[in-house]
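I opened my notebook for a first tour of this structure. Here is what I looked up, entry by entry.

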Amino acid sequence: MSVRPPVVVVLAAGEGKRMRSATPKVLHGIGGRSMLGHVLAAARALEPERVAVVVGHGREAVTPHLAEIDPAALPVVQAEQHGTGHAARLALDALRDKGDVARRRSESGTVLVLPGDAPLLTAETLGRLVARREETGAAVVLLTALMPDPDGYGRVVRDHGGGVERVVEHKDATEEEQRIAECAMSVYAFDGAYLAASLTRLTTDNAQGEEYLTDVVGLAARDGRGVEAIVAPDHRETLGVNDRVQLATAGRVLNDRLLEHWMRAGVTVVDPATTWVDADVTFEPDATVLPFTRLCGRTHLAAGAVVGPSTTLLDTRVDTGATVTSTHAVAAEIGPGANVGPWTYLRPGARLREGAKAGAFVEVKNSTVGEGSKVPHLSYVGDAEIGAHTNIGAATVVVNYDGIEKHATRIGDHVRIGSDTMLVAPVAVGDGAYTAAGSVIVTDVPPGAMAVARGRQRNVEGWVERKRAGTASAEAARAATARAATERAAVCEDGEVGET
């Protein structure tokens, strides 16, 4: 039996007081996405006909975020929060007003209703709910879990035959009902037409004075329309987030899930406990991640790449066989066999070609380091193009900013930049050229030339003893001068110095 795509309704209007944050609850993030983003990603994997997201508290922030991460989703405003049933009713009304496809699906097909604060839900589980509802024709299929600590969750009350009779919210549950371990996880696959009709029958006769979506379960059971339950194989997948402790717990579960997936796909993670990866990070088999490493955004590690320890990469590509150690990189490209670190900062636009090196205490920004070229240590390279097999000496600075604008520097192939060279952009150094250590290069250097741009050294004898008398430096200078004089006198006495 082919399963028809559902209509999806995500409830994301709650305030989330226990987060104690100015940020709306569903916008708090784990694994490189907001909680709402994780829920939508799982839902979109089902290729739904339409997605509606109910927004309320903090909608000034939630609605723009929704437009950014899922522009096709329909935001539905719940200006006053009167419960989950009220929110679902507003969403169905908005979908009916929006178009024929969404209207037909919400009236004759499956409507999947999800909470916006359950970031661990998987597309596989949601697909099982939709398939069960389509196969059985039940009015509702709900996701349940056997919770080690059910406090705060709605309890699933079953009849003597084991069928679902109703869901009772924690605040309305009796002491006996509160001892039930099976909980409803606010995830439902409804018959669209039955849901629309049932939402008009909800009342606010409960402890919170709200319209409970859970009451539709009891209505369907009494109406004999069929209620099915799927028990989650791992209760952690169903976890909602209501405070920072639960946010951290969900983050750890998600990270463990992602790392297990990639390790089973052939990636070596030496210490999963100290390794963090975002949901959009990708790997090729035989990549290696060393301890205390964080891989964020759309970072990609190719086969044979070794990253870490103590490394953070954001939106960075590490190609085959490259090594990245103790490095922070943002939107960088690290080529095959390149070597980066330790204590290196690659800023956006940094590109290291095959076999290139950016070594200790090097910063590279919006620049290309050519094939086989090296920036070994203690240097800054910004807005520069470095050719192949060039060496940049220690303490070199590309002076790219004049206080108003950034300027480009071009360095050719097989160039040798002497230590402590300042390259004042815009400037070009030709192929095979050299610069003398300590030079300030302000004009172009022709191919094969040696550029020397430094003042002639002048020694002022006796300056320290005259100007810094009484200091340790002056005493050391005096003693050294005396020793030198004694040594010269001894040489003269031995006759080793001829007459002048």
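Which residue is the bridge partner of V318 in strand 23? I found that V318 is partnered by I334.

Before going on, I noted that this is a predicted model, in which local features need pLDDT of at least 70, side-chain atom pairs count only at pLDDT 80 or more, and totals for chains, interfaces and linings use all residues. Residues are numbered from 1 along each chain as its sequence is written, and side-chain values use heavy atoms, with hydrogens and water left out.

**Entry: strands.** I looked up the pair around V318 and I334 next. Strand 20 (residues 317-318) and strand 23 (residues 333-334) are parallel and share two bridges. For my own reference, strands (E, at least two residues) and helices (H or I, at least four) are DSSP runs numbered from the N terminus, and two strands pair if DSSP finds at least two bridges between them. Strands of a sheet pair through backbone hydrogen bonds, either parallel or antiparallel.

I then traced an open sheet of nine strands, in the order 14-17-20-23-26-29-32-35-38, with parallel pairing. Strand 14 (282-283) and strand 38 (427-429) are its edge strands, each pairing on one side only.

I also followed strand 16 (residues 293-296). Strand 13 (residues 275-277) pairs with strand 16 in the parallel sense over three bridges, and V277 has L295 as its bridge partner there. Strand 16 also runs parallel to strand 19 (residues 311-314), joined by four bridges. In strand 19, L313 stands opposite L295.

Entry: I checked for cis peptide bonds. The bond from G341 to P342 is cis, with omega near 0°, and P342 sits in the loop between strand 24 (339-340) and strand 25 (344-346). The bond from A425 to P426 is cis, with omega near 0°; P426 is in the loop between strand 37 (422-424) and strand 38. I also noted E47, which is not a glycine and yet has a positive phi of about 55°. I located E47 in the loop between helix 1 (35-44) and strand 4 (50-55).

**Entry: two helices.** The axes of helix 7 (residues 192-199) and helix 8 (residues 215-223) come within 10 Å and cross at roughly 110°. Helix 7 is therefore roughly perpendicular to helix 8 (the term covers 65 to 115 degrees). In the contact (heavy atoms within 4.5 Å), helix 7 supplies Y194, L195, S198 and L199, while helix 8 supplies V216, L219, A220 and D223. I sorted these residues into six nonpolar, one polar and one charged.

**Entry: the largest pocket.** I wrote down a space of about 1800 Å³ for the largest pocket. A pocket here is an open set of points on a 1 Å grid over the protein atoms alone, where a 1.4 Å probe fits, with protein on both sides within 12 Å along at least five of seven lines; lining residues have an atom within 4 Å of a point. Its lining has 50 residues, and R18, K25, D117, G152 and N242 lie nearest the centre. The lining divides into 20 nonpolar, 19 polar and 11 charged residues. Strand 10 gives the largest share of the lining, four residues.

Methods:
Axes fitted to C-alpha atoms, helices over the stretch in contact; angles between N-to-C directions. Parallel < 35°, antiparallel > 145°, perpendicular 65-115°, else oblique. Nonpolar A, V, L, I, M, F, W, Y, C, P; charged D, E, K, R; others polar. Points joined across faces, edges and corners; volume = space filled by probe spheres on them.
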